[in-house]
Amino acid sequence: MIFATAGHVDHGKTTLIQAITGVDTTHLPEEKKRGMTIDLGYAYWPQPDGTSVGFVDVPGHEKFLSNMLAGIGGIDHILLVIACDDGVMAQTREHLAILRLIGRPAITIVLTKADSVAQARVEEVRQQAAQLLASQGWQSVPLFVTAATTEDGIIPLREHLLSIHQINSVHQFCRSSFLQTSSLQTSSLQNLQHEKLKQRFRLAIDRVFTVKGAGLVVTGTALAGSINVGETLWLTDSEQAVRVRGLHAQNQPAQSAKAGQRIALNIVGDISKEQISRGDWLLSQKPVSQGLLLAAEKVLVEIEADSPLQNWQPLHIHHAASHITGRISILNSLADAPILAELTLDRPLWLVENDRLILRDISAKKTLAGARVVSLNSPRRGKRRHEFLDWLSQLARTHSHAESLALYLTRGALSLSHFAWSRQLTESQLNSLLAEMKVIIAGDWALSQHHAASAEQKLLQAMAGYHEKHPDQLGVGKARLKRMALPTLDDMLAYKLINRLLEQKLLKQTNGWLHSPEHGLMFTAEQACLWLHVEPYFQAEVWWVRDLATEMGEDEEAMRCLLRKAAQLGLIIAIVSDRYYHRQCIQQFADLIRRYSQDKGGITAIEFRDELGIGRKLAIQILEYFDRMGFTRRKADLHVLRDEGIF
Ligand SMILES: Nc1nc2c(ncn2[C@@H]2O[C@H](COP(=O)(O)OP(=O)(O)O)[C@@H](O)[C@H]2O)c(=O)[nH]1
Ligand SMILES: [Mg+2]
């Protein structure tokens, strides 16, 4: 369990932690000299049961607000410190606003320096504090009055903190037995905590140093998941795998640590201290999808604005221990609920859905708004369209991974690795989620039944359209049909749908060609008889319909019908309209091209002509046929292999 302080500078935060724990959290010489907290300080209060209560002491001074923000990320309980002499001050208000904007953690108010004022003033500040908290949406917050100099009020405060710590430990260790007795609110809190622990491990680094004998150590608060000694993590920015050689949880050596604890990790890898800085992350695995790293440069968020925001306004953006700049585009309007916006980040952030961001004005004087990540998929076009914003508002209101998955699937094919990263799901979490859904999965892609059905319609329509346009062809290859019907869909997914159509006998495959089942029906008896005479002509020759009809003394139209049918049956192939080769000849040409491709990368029209001893024009017709079918592709003078499997 970790508590973090918040409150105005000089209100007694550091002194209070020392009074509670006996630890002075100031660690920089500069801090000691100036008597002011600049960077985060840490203190631990070990308990007889072996657990430890952790404290993160944050600087109150406005100048060090990004350090304050780095300190409160992932922390569930805040000690809001208000000095009785000053009462509520600027940073008291600002810190509280920030706490509201990052998702309203639990708060305990501590009034300090009670020894320096009269009792009446204490009551006045108590009122002030209660009003402030209520105005920001916190109800009945526990309040303690202390004087660190005389230790007054410290013991009851300690007891209070310990009881929170114990409830928290019970949540984490005795989940099932506690469930039966807990109130609804406690159990939802507990579920949230439990859900967090199941997710992928994710730690925002806030300090890095070397320890003699151990080497490199990084510290931070884990936002989710758990980690064991010996496991491998992925370090952002230097983009490296590192191994956890040892770890401390809450300042004590341990074999494992988990979300909600302050963690120090002794890591080994090809990395030095200088290559790591505050704001880097340790992640359970490298976040890649479709070969791309998933750091967000544009992100869709829900905004809670304390001040009016201008479109394309430059901002300071704080996320966990990271601090960057960027700009905002409001997608609907500040009067809408939820307010939806796109943030364009000057440097990519390792964001996931539901992460909280703080937006401050560019002169860094004022906190303007909080943002919650709704989606990492910001479309290039159409994000202001009604239909998209409706969808995004629905997404902003989802409460479970399953709801979110169902909504994403309404928009088309979904990359599962991307979805899993954006919800921080482990493989087993993702699998159990998918097991409950009827989706079509191929490789990394998932498609809803609804979208699969409409994609299959497109395939059938494209097939029918092709037959109508090319009655002298048997059909098309898989890749070509995919390109015609579903150019943007992933190949594996499209092939899966084609296979489903084949299984349902809505498509047929003959000699590798896909075609409609009614296409390629057998000859009539008369045609079959004629074909017996015609076929020998095709042994090694190419024939125009008209020439063959003349040669055999047949009617040209009857010959055209016969050859068209023979082509639909896959016996002969039209290289251009009305000009046919026997299938075996085409197969031999294809083998020749394959051979040239292996030896020389492709074949030229001249080489092809010379190999076959045919005219230049015919050679080109054949090669262009192969290009058209997608077997080859033209590359300068060469015809190179494309979909080798077609012939
Ligand atoms: N009289 C009195 N002085 C205090 C008390 N707590 C802190 N101080 C003094 O207030 C000053 C600021 O305290 P510090 O803990 O550094 O404040 P921080 O900036 O909020 O961390 C120091 O000089 C402390 O000695 C208290 O309870 N009573
Ligand atoms: Mg301090």
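**Exercise 1.** In which loop is Pro338 found?

*Solution.* In this predicted model, begin with the two strands on either side: Pro338 is found in the loop between strand E20 (322-330) and strand E21 (339-349). Then look at the backbone there, where a cis peptide bond joins Ala337 and Pro338, with omega about -5°.

**Exercise 2.** Find where Glu151 lies, and decide whether Glu151 is buried or exposed.

*Solution.* First locate Glu151 in the loop between strand E6 (143-145) and helix H6 (154-173). Next, note that its phi is near 65°, a positive value in a residue other than glycine. Finally, apply the cut-off, by which a residue with 12 or fewer other C-beta atoms within 10 Å is exposed; Glu151 has 11 C-beta neighbours inside 10 Å, so it counts as exposed.

**Exercise 3.** Describe how strand E30 pairs with strand E31, and what the hairpin contains.

*Solution.* Start with the pairing: four bridges join E30 (residues 572-576) to E31 (residues 579-582), and the two strands run antiparallel. Within this pairing, Ala574 stands opposite Tyr580 in E31. Two residues lie between the strands of the hairpin, where Asp578 takes a positive phi near 75°, although Asp578 is not a glycine. Turning to burial, four of the five residues of E30 are buried, so this strand is largely enclosed by the rest of the structure, whereas Asp578 is partly exposed, with 18 other C-beta atoms within 10 Å.

**Exercise 4.** How many residues surround ligand 1, and which helix gives the most to the shell?

*Solution.* The shell holds 17 residues, the closest being Gly12, Lys13, Thr14, Thr15 and Ala148. Helix H1 (residues 13-21) gives the most, with three residues.

Note on methods: Residues numbered from 1 in each chain as written. Chains lettered and ligands numbered in written order. Predicted model: local features only at pLDDT ≥ 70, side-chain atom pairs only at ≥ 80, totals over all residues. Near = placed C-beta within 6 Å. Buried ≥ 20, exposed ≤ 12 C-beta atoms within 10 Å, placed from the backbone. Pairing = 2+ DSSP bridges.
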